[in-house]
Amino acid sequence: MNEFELDSHAPKGPLQDRWKQHKYNSRVVSPANRKKYTVIVVGTGLAGASASASLGEMGFNVKTFCFQDSPRRAHSIAAQGGINAAKNYQNDGDSVWRLFYDTIKGGDFRARESNVFRLAELSTAIIDQAVAQGVPFAREYSGYLANRSFGGAQVSRTFYARGQTGQQLLLGAYQAMSRQIAEGTITHHSRCEMQELIMDGERAIGIVTRDLVTGKLESHLADCVVLCTGGYSNAFYLSTNAKGCNTSAIWRAHKKGALFANPCFTQIHPTCIPQHGELQSKLTLMSESLRNDGRVWAPKNIADCDKRPEDIPEEDRDYFLERMYPSFGNLVPRDIASRAVKLICDEGRGVGFEIEGKKLGVYLDFAQAIKKQGLAAVEEKYGNLFGMYQRITAENPYETPMRIYPAVHYTMGGLWVDYNLMTTINGLFAGGEANFSDHGANRLGASALMQGLADGYFILPTTVADFLAKQKPIKAEQYSSQIDEAMASAKTRINRLMNAPEPSITPDEFHRQLGQILWHACGMARTKSSLEQAIRAIQALRQQFWQKVKISGSEEGLNQTLERAGRVADFFELTELMCIDALDREESCGCHAREEHLTEEGEAKRNDMDYSYVAAWQYSGDVSHPTLYREYLHFDFVRPSIRNYQ
Amino acid sequence: MIFKLNIWRQSGPDKKGDFKSYEIEASEDSSFLEMMDALNDKLTLQGEDPVAFDFDCREGICGSCNLVINGTPHGKQQATTTCQQYMRDYKDEKELWIEPWRATAFPIIKDLIVDRSAFDRIIQAGGYIPIRTGSACEANTLPIEKHVADEAFDAATCIGCGACVAVCPNASATLFVAAKIAHLSVLPQGQMDKQRPAKLLQAMEEEGFGSCSNYRECERVCPKEIKVSAITTMNRLLYQSR
């Protein structure tokens, strides 16, 4: 493969006509022929469930897989705040163009214009679809849909269902999928995890799965494979992701030839409940929507940090986001807010628990909102979030301010895909968080749900059909050697995990140590030397892992430790690539803050001359020496500017 | 704090299960499942089979976790899933009994893990509004009174965990079914399918769940506080559809 071949297949012409034109140019499969084609969809969160439901409705033969016990439990369910759409119901000047611009600026000009515009364009149809499915979005007393504001936008365009928007949207997609299961167009497999991609030369023709209940390896063939397996924030061990979220499907596809794009672009969400101990298993997000009414502050004086927040007078409080970014205030984008919080805590003005000698937390205060709007109004908007906070911290946020600190939340990086959401492997598509496509170097709040559903409901059904229209249905009996090969490699990996030479350390313990290395080197602040050091540390720990990982029980039957070990093994390789990517990108942009490239105020300093590209990495056979391909980004409609939220 | 744990161990669906005792130290700030993680790390290092249990999001929304703790599904804190129970809630206790959901329609897979796919099949029987992708009308062409939308939302928050079944003397899934019906059938776009209550109730019966005889235990343990008024709504719709 050479660089010339890394073609985004993005259409040309006026931006607003590109998707329409592309759809018209796409081929279609006639209704009578659709059931002759099989599509495998791995992962049944928002993107996977909506894609499989839509493909099933069209009449394709769809096979779906998820590791959870039901598609309704995918981690999309935990998205709290909302979903953006350019409906302009508030008459505050919103439009598809504005949503497009906000999103591409929010991503610090590291995403493709064509893709982002299409996303903005499709946003409105998603709301129509969800409402028709019965998603109970918040409404005004008039009976019409309500909106709230989210970070990085000066219009109010976020649709929400209290603090459970992801849950409601996922249930909508899950129910649409359930209908197709009943109709017989979808065959679903729960508690089933993808182990390998089955390849026929350069083309993906199926997957090998492990039944997590029986431990049995099985092969499934298809005319194309769609990965909607989510993000890899759990590489850091502590993140806001569900415990099961993993990189295994996309990483194993990467090792079969799919390029991995911008792996170091990971979103650190500013408002999470601070870590409180060493054995903590995960972090919990407090929705960005809270910044609509909550005010972020820290004591002005270090001496006040141990006082009760109620005892610190107004004049001794530093509402630092409002001070630093007067025009966006508390609603600056996530990367900006996270860096500001870190800055304050690094100055020693943090509050709450000390982790490694530093107090890591600032206040998110609702006193003013409660006083102005009343307790009931605040409870109506955020009740479930306040309840969650109280359960975890044993503090009542109606009476005392919340304490928050940034945590890893989302990964903008993922499998490289073209405009059709196809990876560099023929017949392998990636949707939702699993691909890299739309968020550049930083994702705006309420955009993940939008992207997952745009991919699933509207883009994949068009582009998958176009791909299938160009193929003859595959004949399963021709592929026994390809199946044997993939099965053998899955078996070998499991055997190796089960039979480490000196089994003495659990996969969780290795994962914790790996997460620590990554967080310090490739988290909110990155430097050349810390990244180089981290790469060496990861390599050494990875060697230890294969030497010492201890799994009890057997591979035949349900074994959760084995499941975890397999996922951690993949994190051990991905994390090295994340550091290599962060090292290569000698600039700061969005979430990627290289300390060598910050302004005096601590803002990201982009280098458009040299780094206005998507870094797409190819597996070379040696994890430590991947090959870099660059997809240069062209901006014909917006001019990359310095991202200013002041 | 040191606890004596009595945990249900069962190696497979057709195997005989029994309680086994363990001792574990846990801090007050540890969540219940983090305490279980620590036990499993210990068991793994000793070469024993760790305790199998379901979990995922650990923030109370995915509905995966499902332990019966001292006889109560999810544990002593009300309106709270297992993963959001903290050990500080149990500091007055020395001994804990941990069991799986028990119901014919939820067969045990291993230890504390049960098969809840019956819930998926109930939804497949009609727990949806049949709208094909792409054929929706503009969202605001259909105003819905706020109190109706709120009522639908209250029912829609069901996480499908199955605590209602686990606590019910009849192992009935009526609250689960009623929540889905109260979510969809009160909304104007969901009113086309008048047979939804009948279809879902029939599926429930076929899966081996019992019927409702108004113990109202389900309401008490529901982590999302779904009210039995959803059952009233369902019964009304069922009656009207006949």
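**Entry 1: A:Ala394**

I started with A:Ala394, which is exposed because 12 other C-beta atoms lie within 10 Å. My cut-offs count a residue as buried if 20 or more other C-beta atoms lie within 10 Å of its own, exposed if 12 or fewer, and partly exposed in between, with C-beta atoms placed from the backbone. This is a predicted model, so I keep in mind that local features need pLDDT of at least 70 and side-chain atom pairs count only at pLDDT 80 or more, while totals for chains, interfaces and linings use all residues. Residues are numbered from 1 along each chain as its sequence is written, and chains are lettered from A and ligands numbered from 1 in the order in which they are written.

I then looked at the backbone: A:Ala394 has a positive phi of about 60° although it is not a glycine. Most residues other than glycine have a negative phi. I found A:Ala394 in the loop between helix 11 and strand 17 (402–411) of chain A. Helices (H or I, at least four residues) and strands (E, at least two) are DSSP runs, numbered from the N terminus.

**Entry 2: B:Ala79**

B:Ala79 is not a glycine either, and its phi is positive, near 55°. I place B:Ala79 in the loop between strand 4 (72–73) and strand 5 (95–99) of chain B. Is B:Ala79 exposed or partly exposed? I count B:Ala79 as partly exposed because it has 15 C-beta neighbours inside 10 Å.

**Entry 3: the sheet in chain B**

I read an open sheet of 5 strands in chain B, with the order 2-1-5-3-4 and mixed pairing. Strand 2 (18–25) and strand 4 of chain B are at the edges with a single partner strand each, so one side of each has no neighbour in the sheet. Two strands pair here if DSSP finds at least two bridges between them.

I checked one pair more carefully. Strand 3 (residues 68–69) and strand 5 of chain B run antiparallel and are joined by 2 bridges. Opposite B:Ile69 I find B:Ile98, in strand 5 of chain B.

**Entry 4: domains of chain B**

I have chain B divided into domain 1 (2–109) and domain 2 (116–240), with bounds from an automatic or database domain assignment. Their centres, taken over C-alpha atoms, are 28 Å apart. The contact takes 18 residues from domain 1 of chain B and 17 residues from domain 2 of chain B; two residues are in contact if their C-beta atoms, placed from the backbone, lie within 7 Å. By class, the domain 1 side of that contact has 9 nonpolar, 8 polar and 1 charged. For these classes, Ala, Val, Leu, Ile, Met, Phe, Trp, Tyr, Cys and Pro are nonpolar, Asp, Glu, Lys and Arg are charged, and the others, Gly among them, are polar.

**Entry 5: where the chains meet**

How many residues of chain A are in contact with chain B? I get 64 residues of chain A, in contact with 65 residues of chain B. Several helices of chain A each supply at least two residues of the side that touches chain B, among them helix 3 (46–58) and helix 6 (165–183). The largest share, 9 residues, comes from helix 6 of chain A. I sort the chain A side into 24 nonpolar, 26 polar and 14 charged residues.

**Entry 6: helix 3 of chain A**

I followed helix 3 of chain A further. Its 13 residues reach 18 Å from first C-alpha to last, close to the 18 Å expected at 1.5 Å a residue; the expected span is 1.5 Å times one less than the number of residues. Helix 3 of chain A is mostly covered, with 13 of its 13 residues buried. Just after helix 3, A:Gly59 takes a positive phi of about 110°.

**Entry 7: chain A as a whole**

I noted 17 helices and 21 strands in chain A. The C-alpha atoms of chain A fill a box of roughly 75 × 60 × 50 Å along the principal axes. Of the 646 residues in chain A, 61% are buried.
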